Amino acid sequence: MNKNIGTTDRIIRIALCVIIAGLGIYYHSWWGLLAVLPLGTASISFCPVYRIFGISTCKTKPQA
């Protein structure tokens, strides 16, 4: 499994996770559990949807 999420994308996903979880707690809604998705993809630096569409925000190292 190759990484396809870069540093900026990870930070955005973690911030989104905090916002979603906070709103879920504030409104006493189970929708706050959706925060698990961006947290999971940010923690492993891999997004299956990105792979389907061939997207990668991860910087690649130049080949020698």
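A: For burial, the cut-offs are under 20% relative accessible area for buried, over 50% for exposed and partly exposed in between, using a 1.4 Å probe and protein chains only. Keep in mind that this is a predicted model, where local features need pLDDT of at least 70, side-chain atom pairs count only at pLDDT 80 or more, and totals for chains, interfaces and linings use all residues. Residues are numbered from 1 along each chain as its sequence is written, and side-chain values use heavy atoms, with hydrogens and water left out.

Back to the rings. The structure holds 2 aromatic pairs. In the W30 and W31 pair, the ring centres are 4.7 Å apart and the planes meet at 25 degrees, so this pair is stacked. Y26 and Y27 make an edge-to-face pair, because their planes are at 85 degrees, with the centres 4.9 Å apart. Both of these tyrosines are exposed too. For the record, Phe, Tyr and Trp rings (for Trp, its six-membered ring) pair if their centres lie within 6.5 Å; planes under 30 degrees apart are stacked, over 60 edge-to-face, the rest tilted.

H28 sits in the loop between helix 1 and helix 2. Helices here are DSSP runs of H or I with at least four residues (strands are E runs of at least two), numbered from the N terminus. Most residues other than glycine have a negative phi. H28 is not a glycine, yet its phi is positive, at about 50 degrees. At 74% relative accessibility, H28 counts as exposed.

Follow the chain on to helix 2, residues 36-44, and you find P38, T41 and A42 buried. Looking down the axis of helix 2, those buried residues fall within an arc of 100 degrees, so they line one face of the helix; the arc is taken from the directions between the helix axis and the C-beta atoms. V36 and S43, on the other side of helix 2, are exposed. What covers the buried residues includes helix 1, residues 7-26. Contact here means heavy atoms within 4.5 Å.

Helix 2 is followed by S45, another residue with a positive phi, near 55 degrees. S45 belongs to the loop between helix 2 and helix 3, and at 5% relative accessibility S45 is buried. Leaving aside its neighbours within four places in sequence, S45 touches K3, N4, I5 and R10.

K3 and N4 turn up again with another serine: S56 is in contact with both, not counting residues up to four places away in sequence. S56 is in the segment after helix 3, residues 48-53, and is partly exposed at 43%. The C-alpha atoms of S56 and N2 are 9.8 Å apart, although 54 residues separate the two in sequence. A polar atom of the S56 side chain also lies 3.4 Å from the backbone nitrogen of C58.

D9 lies in helix 1 and is buried at 13%. Beyond its close sequence neighbours (within four places), D9 touches Y50 as well as T57. The ring of Y50 has the charged end of R13 sitting over it, 5.1 Å from the ring centre. That label needs NZ of Lys or CZ of Arg within 6 Å of the centre and within 35 degrees of the ring normal.

Finally, the cysteines. A search of the whole structure finds 0 disulfides, where a disulfide would be two cysteine sulfurs within 2.5 Å. C17 is in none; the nearest cysteine sulfur to its own, that of C47, is 14 Å away. For C47, the closest cysteine sulfur is in C58, 13 Å off and too far for a bond. C17 is buried at 11% relative accessibility, and C47 is buried at 8%.

Conventions
Polar contact = N/O pair within 3.5 Å; in protein donor to acceptor, adjacent residues only side chain to side chain.
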